[in-house]
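Let's take a friendly walk through a protein model. Have a look at the sequence and the 3D view, and then we'll go through some of its parts.

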Amino acid sequence: MKNATTTEAERAEFRASVRDYLTNASPETRVRAVIDSGTGLDASTWKGLAADLGVAGLLIPEEFGGQGMGMAEMAVALEEAARALAVVPLLSSSVLSTLAIQLTGDEEAFKKYLPGLADGSEIMAFAGLDGAGTHTLARDETYWGLYGTKTAVLNAGIASRFLVVASTPDGTGLFVVDGDAGGVVVNPQDALDLTRPTALVTFEGTEGTRIGGDFTDGLKSLRSFGRIATSAELLGMSERLMEISVDYAKTREQFGKPIGAFQAIKHRCSEMFAHVESMRAAVAAASLVQPEDTAALHEQALVVKAYCARFAPWVAEATIQVHGGIGFTWEHVAHLYLRRVKTDEVLFGDALSCRDELQQILGLTA
Amino acid sequence: MDDLLAELRTWLGDALPKWKAKWNGDTSWDALCDWQRMMAEGKWATASWPLKYGGRGLGTMDVLAIEDVVAASGAPQIPGMIGLKNVAPTLMKFGNEEQQKSVARIGSTDEVWCQGFSEPGAGSDLASLRTRAVIDGDEFVINGQKVWTSNGMHASHMQLLARTDPDAPKHKGISAITLSMKTPGVEVRPIKQINGGAEFAEVFFTDVRVPVANLLGPLHEGWMVTMTTLGHERAGVAVFAGRLEQRIRGLIEEVAKRDVRVSPVVSDELAEMYVEARVLGAMARQMLNKIAQGGTPGSEQSVIKMVWSELSQRVDTVVMGLAGIEGVTGENNSATLGYLSARSATIAAGTSDIVKNIIGDRVLGLPRD
């Protein structure tokens, strides 16, 4: 993956084309219809985004069929997809799985897996988080046998392969598992986020293909990219929530005037704006970090996630408050955002845990 | 820009020791004015001014770089900032021949200017000011009161905003007028602040007569005249943001070096401030880049001002907390003074509450009350 290869103006143009596309392809009615269908995938929107707009391959080098770009460009796509609440596996397949493979440095794996990810024809799910009280192991039998349970596996139900992090006798390893391999049990979870289903995935001696060697550093970098990516989503959703709140404050009348004329509401909206602008600056700074400079990458990722994970939920909650009773109804879009915001908040660490790591970097704790 | 900064460093290496030797630790008003005089002679204090006024005609980014180098050298604060940054550019743009003679004297501190803007009844709502200037023949007759006048105790001259047409809507009918603080009927009293200092004055006007030729810019257009040049300070808020980021890094380094660990709650508060300072710094750098590329800062300036003021206030509150009992016994005077002084951060140059109104009204287009 490269650092930003485009100019700010080019990224603005790219944003406009993604937004245009999603405004038509993934309006709220469509999002709700896909949610109700239970498939967990808006297949036509995914095809349009992934193949036609080339979004799935942004982080993949051109020689493997991708666009050869970096996080600055992917952040734009993540912001826009989250803003539209698109039911697509952009984060799990095109960011986490795509980067996990590349962070192994295993050229054979690149050739084998990246082209399918690049055009979105293949969807992979990243299984990184061990379920409560479990620890996924890889045993060196006649093949690598995986044992353990992963939780919160995004888009597990639509993935054809899993990328599984597991402990090996010689450190952490990354394994590719075919979705229909023996001993894989996918149990859909009653996930808070209705636009991005998760599952509990259990491996009972499942055969995995190890790619690359020790994945300890790779996993650390992947977590940092995950923090930047979820922050970009949080920014995209916060921006939209602010617009929805401001529009409502302009038109909803109580006590004979628009509620936005009341300072209590006006100040809440102004604070939303301040937080959104701050998130925008933070995401821009983090997504422009040179990926090779891992110390800067880890630190910037903690800063951006600590900020966005704290204030995006604030914006989502404030949106419901500004709307009053209507904001508490299932029909209003606010809760669809709140659910995805709260999920992104905890993925790769919430604000408190990011600050905890920052305290170590800053020498405040041992 | 590298050549320019190298020239500046060489100049500072020569001038600063000379000044220090001459004043020997004295940081009185006269000593500071002497430093400004040297800085103006070197064309560093006046770097943003056009060549014909004795400046270097430099743009915002160059001037900010100069200010950073000067601050890092340990040079003292320049006392006549209001004159250099606000009044002189206004005089250059709107002043008549006589008024423009003051520009050079502002650089050298032969004249020290203040701005008579705020009034007891016109703080954040500056346009509701009531000090009157009535034309009587070829003179203005001025009556009223100004308050929170920075440098008022030291000033030789004032750029005054007074109401010249009481029947016009409040932003109209205001005129800008220049006058000497020695004009009969002008009385200046210091305002003692909660931190014990007196950086501001109240100024009273009783039948003060000045020539109509002292009008600055068109009659009744004082609001426009003033707002045009307030824009010169726009990039300044980004500099404050950068300095706050440095300050928080410094505070954390200091705390991390202590033998006794602070409580986890304080440690988290420091990390939280660090996060917000880093984000603020990123926002400020992006605004400066925009200016460097010829853009005009918009709403981000209000956001930076609001975030900066609230965060810098929080830092002083935490420093006060870290001082513990010594913060209230006078044993840690810098923490106490910092805490008291920081109360003004969310008041000066528009209270945070008003900034939120401005963002709501002008940026988000929410209905006015």
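Which residues line the second largest cavity? Keep in mind that we're looking at a predicted model. The lining is made up of L364(A), V255(B), A256(B), R258(B), V260(B), R261(B) and V262(B). Sort them by class and you get five nonpolar and two charged residues, with no polar ones.

The space inside this second largest cavity comes to about 30 Å³. Searching the whole structure turns up two cavities of 30 Å³ or more.

## An open pocket

Now for the pockets. The second largest pocket holds about 930 Å³ of space, and 33 residues line it. If you want to find its centre, go to E8(A), R280(A), A281(A), A284(A) and Q286(B), the lining residues that lie nearest to that point.

Where does the lining come from? In chain A, α1 (8–25), α4 (71–83), α8 (263–287) and α9 each give at least two residues, and so does α9 of chain B. By class, the lining of this pocket has 18 nonpolar, 10 charged and five polar residues.

## Two helices that cross

Two packed helices are described by the angle between their axes and the distance between the axes.

Who meets whom? From α9(A) come E299(A), Q300(A), V303(A), A306(A), Y307(A), R310(A) and F311(A), and they meet E272(B), Y274(B), V275(B), E276(B), R278(B) and V279(B) of α9(B). The residues of this contact split into seven nonpolar, five charged and one polar.

## A strand with two partners

Over in chain B, find strand β7 (residues 200–211). Strand β3 (residues 139–150) of chain B runs antiparallel to β7(B), and nine bridges join the two. To spot one of these pairings, look for Q145(B), whose bridge partner in β7(B) is F204(B).

β7(B) also pairs with strand β6 (residues 186–191) of chain B, again in the antiparallel sense, over six bridges. Here you can look for P190(B), which has A201(B) as its bridge partner in β7(B).

Key: Residues numbered from 1 in each chain as written. Chains lettered and ligands numbered in written order. Predicted model: local features only at pLDDT ≥ 70, side-chain atom pairs only at ≥ 80, totals over all residues. Heavy atoms only, no water. Pairing = 2+ DSSP bridges. Helix = DSSP H or I, 4+ residues; strand = E, 2+ residues; numbered from the N terminus. Contact = heavy atoms within 4.5 Å. Nonpolar A, V, L, I, M, F, W, Y, C, P; charged D, E, K, R; others polar. 1 Å grid on protein atoms, 1.4 Å probe; cavity = no way out; pocket = protein on both sides within 12 Å on 5 of 7 lines; lining within 4 Å. Points joined across faces, edges and corners; volume = space filled by probe spheres on them.
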